[in-house]
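Thanks, everyone, for making the time. I would like to walk you through one model this morning, going from a sheet to the domains and then to the core.

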Amino acid sequence: MKKTLKENIDEMKDWLVEIRRTIHMHPELGFEEVETSKLVSGLLEKFGLEVKTGVAKTGVVGLLRGKGQGKTVAIRADMDALLMDEPGGKPYASKVQGKMHACGHDAHVAILLGVAKFFSSIPEQVRGNIKWIFQPAEEGGGGGRIMVEEGVLENPKVDAAFAAHVFPLLSVGKIGIYERVGLAAADRFVIKMIGKGGHAAVPHLTKDPIIATGHLITQIHSIVSRNVNPLESGVITIGKVSGGTANNIIPDEVELWGTVRSLTPQIREELKSRLEQVTRGVAQSFGIDYRFDFEYGYPVLLNDPAMSKLVASACSKGIGEENVEFVKPSMGGEDFAYFLEKVPGAFFRLGIRNEERGIVHPYHSSLFDIDEEVLPFGVEMFVRIIDEFLGLEIAK
Ligand SMILES: [Zn+2]
Ligand SMILES: [Zn+2]
């Protein structure tokens with residue numbers, strides 16, 4: 001009897017696990033993914049794809065030109081790890097001190113390689129083109145933006161793009177999909193409260209930036225609650241406050257670092273301008289100066305609703321509607337947003353949670369792990385999506 005798509009893909013599970021663990025043991029930070037990108041390009045070449053390296057420094061692009069005419073679909077994985085230690089214990093724990101794949105990008109790479117292995121074994125059944133995009137530096141470096149600027153969505157022109165991220169809140173075997181708004185715009189700010197330091201015992205001869213900062217923090221936290229429509233969303237978080245050196249010294253300056261998250265351009269601008277207004281007002285009321293630096297980060301990630309529906313229907317055919325959930329937007333950021341600014345497509349979530357095996361920890365936690373069943377599962381989901389988009393009818 002002919003094997004099902006799932007049975008076919010499950011046969012590559014050991015291979016997928018080995019790739020994921022190899023990458024997991026050798027994590028590399030953004031724009032330094034030299035070994036990861038070598039591993040990727042080596043395999044893509046072995047599969048007979050057209051391969052381009054050095055895109056956005058360490059990015060890799062693979063292309064499979066189908067035998068027949070058709071559309072071009074792109075799928076994307078991010079390759080970078082995080083600046084943190086992984087505790088030992090697991091046989092595949094990070095071998096590099098201070099670096100860890102704690103966001104699952106190792107799994108994203110392995111899954112896309114699985115999809116490449118699958119389609120390169122049946123090139124005669126592909127009509128249109130499939131493009132694989134392995135991007136550097138998702139964790140803040142904006143590698144995706146640079147790849148888009150370097151023309152990764154051209155030659156051949158991409159008609160739709162899809163990407164997935166593993167998701168610790170969803171059980172393995174399920175997918176989550178955003179209908180329209182997926183992830184937030186993620187901007188950064190640095191505020192300097194600039195006073196005049198001096199002896200702690202004679203505060204009247206100084207301009208104390210610490211007390212001004214105390215007031216500023218509480219004022220900032222009134223912005224979202226008082227200026228944003230309660231039915232909309234926004235986040236302002238101050239993640240770092242630094243200033244001062246000793247018990248008996250009033251410092252000259254205090255610096256605050258923070259992030260601003262929003263789901264619409266209007267709220268994005270409103271939060272930015274209120275932040276500066278409040279900073280100016282508080283600084284003025286204490287008679288001190290300030291500096292306000294705001295840096296725009298990743299834009300809001302917007303799925304094309306038709307492409308979201310395509311993902312839901314293609315995946316449902318393999319795993320049943322009960323395992324496909326439409327999920328609410330998240331205030332996290334994701335630089336796949338830059339791809340979706342240019343072409344229609346969808347970003348979705350792959351469940352990795354397994355309570356029995358203790359796989360419940362959030363992203364960026366040193367205890368983060370994935371249920372590796374997601375590897376063949378993820379390959380199957382991408383194969384189904386590509387199959388549906390290009391109209392190949394392989395997954396029947
Ligand atoms: Zn992350
Ligand atoms: Zn991530």
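Please keep in mind throughout that this is a predicted model. Let me begin with an open sheet of four strands, which are paired in antiparallel fashion and follow the order 10-12-8-13. Strand 10 (234-242) and strand 13 (289-298) stand at the edges, and because each has a single partner strand, one side of each is left without a neighbour in the sheet. On average, and ignoring direction, neighbouring strands here are turned by 20° against each other.

Lying across strands 8, 10, 12 and 13 is helix 8 (residues 265-285), which runs at about 165° to strand 13.

Turning to the domains, the assignment gives domain 1 as 5-183 + 300-390 and domain 2 as 185-298. Their C-alpha centres lie 37 Å apart, and the contact between them takes eight residues from domain 1 and eight residues from domain 2. On the domain 1 side, those residues are five nonpolar, one polar and two charged.

Finally, which residues touch the most other members of the largest nonpolar core? Among its 106 residues, they are Leu 112, Val 115 and Val 311, while helix 11 (residues 374-390) gives the most to this core, with eleven residues. Leaving aside residues up to four places away in sequence, Val 115 touches Ile 75, Val 379, Phe 382 and Val 383.

How values were computed:
Residues are numbered from 1 along each chain as its sequence is written. Chains are lettered from A and ligands numbered from 1 in the order in which they are written. This is a predicted model: local features need pLDDT of at least 70, side-chain atom pairs count only at pLDDT 80 or more; totals for chains, interfaces and linings use all residues. Domain bounds come from an automatic or database domain assignment. Two residues are in contact if their C-beta atoms, placed from the backbone, lie within 7 Å. Ala, Val, Leu, Ile, Met, Phe, Trp, Tyr, Cys and Pro count as nonpolar, Asp, Glu, Lys and Arg as charged, and the others, Gly among them, as polar. A nonpolar core is a set of buried Ala, Val, Leu, Ile, Met, Phe, Trp, Tyr and Cys residues joined through C-beta atoms within 7 Å. A residue is buried if 20 or more other C-beta atoms lie within 10 Å of its own, exposed if 12 or fewer, and partly exposed in between; C-beta atoms are placed from the backbone. Helices (H or I, at least four residues) and strands (E, at least two) are DSSP runs, numbered from the N terminus. Two strands pair if DSSP finds at least two bridges between them. Axes are lines fitted to C-alpha atoms, for helices over the stretch in contact, and angles run from 0 to 180 degrees between N-to-C directions.
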